[in-house]
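Keep the picture open beside you as you read.

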Amino acid sequence: MKVKSLAIAAAVLAAGLASVAQDALAQAKEQFFPALVYRTGAYAPNGVPFANGYVDYFKLVNAKGGINGVKLTWEECETGYATDRGVECYERLKGKNGGATVFQPLSTGITFALTEKAPGDKIPLITAGYGRSESTDGNVFKWNFPLTGTYWDAADVLLQHIAKKEGGWDKLKGKKFALVYHDSPYGKEPIPLLVERSKMHDFELTTIPVTHPGVEQKAAWLQIRQNKPDYVLLWGWGVMNSTALKEAVATGYPREKMYGVWWAAAEPDVKDVGDGAKGYNGLALQHGAEPNSKVVKDLLEMVHAKGQGTGPKDEVGSVLYMRGLTGAMLAVEGVRRAQERYGKGKVMTGEQARWGYENLALDQKKLDALGFAGVMRPISTSCADHRGATWARVHTWDGKKWNFSSDWYESDSAIIKPMIKAAADKYAAEKKLTRRTPEDCQS
Amino acid sequence: MIYRENGQFKTTYRADSQIFPIAQDRIAIGLLLALAVLGVPLLADEYLFRAILIPFLILALAALGLNILVGYCGQISLGTGGFMAVGAYAAYNFLVRIEGMPTLAAIVLGGLCATVVGVLFGIPSLRIKGLYLAVATLAAQFFTDWAFLRVKWFTNNSASGSVSVSNLSLFGLPIQSPYEKYLFCLGVLVVFALLAKNLVRSHIGREWMAIRDMDVAAAVIGIRPVHAKLSAFAVSSFIVGVAGAMWGFVHLGAWEPAAFSIDRSFQLLFMIIIGGLGSIMGSFFGAAFIVILPVFLNQALPALGSLVGVTIDTALISHVELMIFGALIVFFLIVEPHGLARLWSTAKEKLRLWPFPH
């Protein structure tokens with residue numbers, strides 16, 4: 001009898017192992033995109049729409065015939081916004097299905113860890129709208145691509161908008177700003193730029209950290225109530241954002257004076273607070289909620305109508321969904337660009353895709369053809385500039401939806417460029433790297 | 001039948017007091033080490049090294065350190081994550097601020113800093129016991145969390161609070177590839193396991209166990225509680241600090257204070273509780289259980305799902321992982337409250353009689 005139960009256990013184990021082993025025989029006939037997502041944990045409310053948008057775009061590309069005929073495959077891995085789980089997912093997925101094309105961790109913490117590993121494995125990292133601000137400098141950070149903007153750009157655009165509202169940079173003199181930030185590399189990123197600007201324009205900056213996961217903010221908002229800053233900049237993520245707004249309502253801080261970064265200005269952050277968040281402003285990383293865009297219409301028609309949507313239909317077009325969509329679009333377009341050099345209709349390796357991301361040239365015509373008219377502005381990257389664009393707008397929550405409340409801004413490269421160079425040089429010195437040569441840029 | 005020590009006579013005191021008195025044990029450990037050093041690299045792929053074996057080795061070392069404090073000396077500590085952080089950041093500072101500092105020296109110095117901090121936070125143990133001491137060490141955890149987030153000097157004034165190390169080497173040999181990292185961790189673990197085993201078999205170890213079992217009686221017969229408790233904190237924090245430095249240097253490469261949060265402390269405590277308090281072997285079992293099981297579940301659940309034709313999404317896998325993990329912990333504690341190490345030693349006892357039970 002004991003032998004029988006042993007035999008059954010062995011059979012189950014063998015069957016399990018067999019189905020796991022089958023994965024290894026999958027061929028590299030398809031372009032593999034790993035998706036590091038977080039659908040659980042304190043950051044899930046924001047991670048889920050992003051992940052759905054990311055995966056939905058791949059489904060759309062496949063429905064439209066792939067990248068010049070090359071179909072896409074993807075696999076999700078749950079990171080829970082934790083660095084060590086992110087690293088484990090990276091190790092697990094980097095060699096699968098013929099090799100990962102690109103990683104987009106959606107976490108500054110995981111980005112820091114993968115920045116050390118990706119160059120050795122020759123897999124590019126796209127950190128669209130997050131990550132290390134100094135990774136804009138492609139001469140030092142060969143494998144990092146903070147496409148469409150970094151946190152220094154975000155902080156700069158917010159200050160530009162506030163200065164415009166006040167009537168000029170000189171009107172900021174003596175004003176009080178408070179930065180309520182997530183106490184992690186993500187939240188600390190904008191501080192250098194804000195400090196720089198505070199010295200230039202003579203305004204007071206108070207930085208108020210909020211410990212992960214950000215549900216305990218009573219002390220922070222009590223401090224704000226005592227301090228009475230003119231403006232509060234919110235650099236939160238996940239439940240920290242909605243908690244911050246609830247605390248702002250509780251302490252009576254006017255939401256019109258609150259400005260969130262593009263990761264703190266989406267539907268999950270304000271839906272719970274509802275009318276209380278009316279007037280809250282946030283950055284829009286080029287796009288806002290775009291339910292009327294062509295790409296959303298295509299998605300609803302070609303993917304969701306066939307029952308293949310990753311998430312619920314009413315999520316399509318929301319801010320973070322569009323963020324995931326654009327992230328996936330940039331990943332795909334980089335591969336398409338790489339195919340122009342290395343062979344149309346072939347599967348691209350990580351190295352080849354990296355060249356594609358470094359030589360992106362998406363003009364408005366191409367973007368319109370993809371369905372991103374009105375959603376994104378042209379982006380073009382180069383060896384020295386892995387960011388490609390610094391456009392952003394401000395949108396405001398009216399209780400029901402986000403409405404754009406500003407013109408297009410670009411961050412001030414006169415201030416940011418030297419900061420990037422200094423930080424990149426510091427990184428290069430620490431890691432004993434040398435700047436890339438022009439020949440290396442051409443390769 | 002195969003495990004009988006019949007015919008194995010010890011003729012010297014030295015032979016009698018060795019760690020593995022039974023020849024079969026010695027052969028088994030020898031084979032295991034040979035497998036670990038030579039066999040695993042041939043069989044394991046990079047993922048297995050980076051995601052399973054290296055974290056297992058480093059956390060086993062940390063669990064070893066914690067077991068000395070909690071299992072052998074009976075002082076509950078919830079500050080292990082904090083001591084690991086001290087080890088990691090101290091080693092980082094030594095490496096970055098002193099030109100030409102060798103990696104191993106930086107790690108050992110990091111461990112020494114963790115010793116100092118550990119002894120400092122161990123001083124309350126002279127007055128308070130049990131759960132109250134747990135709270136005091138919890139304070140250590142939060143204090144280190146705060147210190148490494150707020151005091152910029154510790155992170156070399158990095159704007160983001162994240163630090164990173166690279167180009168590790170040992171006596172000129174690089175520690176870059178997963179296999180080299182694995183060997184380095186294995187070497188350190190074997191050395192520390194030997195040291196720990198010999199410590200707990202010596203008079204210091206007996207002092208610790210006396211304090212654990214009945215500290216008043218121990219004081220009565222002349223064991224100084226100050227000496228015993230603080231030495232336990234010192235040794236434990238040193239090992240935990242070295243493990244923390246290795247976690248940051250070898251496994252993560254780049255880390256922020258959240259890598260050594262309260263969750264890490266709980267994880268280590270669960271490791272030694274499941275593995276077996278007061279047992280060197282138990283630290284290894286517990287580390288293996290807690291490191292490998294979630295990864296195994298993460299891989300096996302989709303495979304099982306595809307067997308029955310159901311695709312399970314990642315969120316569900318994450319949740320089911322937690323549930324199964326928790327259920328297994330409860331199951332093990334009901335079946336064997338003294339941990340996996342007791343299960344193992346019971347099995348060995350039965351093996352000595354098998355197949356002739358009486």
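Chain A is assigned domain 1 (26-150 + 290-391 + 421-442) and domain 2 (151-288 + 394-411), with bounds that come from an automatic or database domain assignment. This is a predicted model, in which local features need pLDDT of at least 70 and side-chain atom pairs count only at pLDDT 80 or more, while totals for chains, interfaces and linings use all residues. Residues are numbered from 1 along each chain as its sequence is written, and chains are lettered from A and ligands numbered from 1 in the order in which they are written.

The C-alpha centres of the two domains of chain A lie 27 Å apart. Their contact takes 25 residues from domain 1 and 24 residues from domain 2, where two residues are in contact if their C-beta atoms, placed from the backbone, lie within 7 Å. On the domain 1 side, α12(A) gives the most, with five residues; helices here are DSSP runs of H or I with at least four residues, numbered from the N terminus.

Now turn to chain B: 33 residues of chain A are in contact with 29 residues of chain B. Within this pairing, helix α3 (residues 83-93) of chain A packs against helix α3 (residues 46-72) of chain B at an angle of about 165°, with axes 9 Å apart. Axes are lines fitted to C-alpha atoms over the stretch in contact, and angles run from 0 to 180 degrees between N-to-C directions. The two helices are therefore roughly antiparallel, the term for angles over 145 degrees. Glu88(A), Glu91(A) and Arg92(A) meet Tyr47(B), Arg50(B) and Ala51(B) in this contact.

How values were computed:
Angles under 35 degrees count as roughly parallel, over 145 as roughly antiparallel, 65 to 115 as roughly perpendicular and the rest as oblique.
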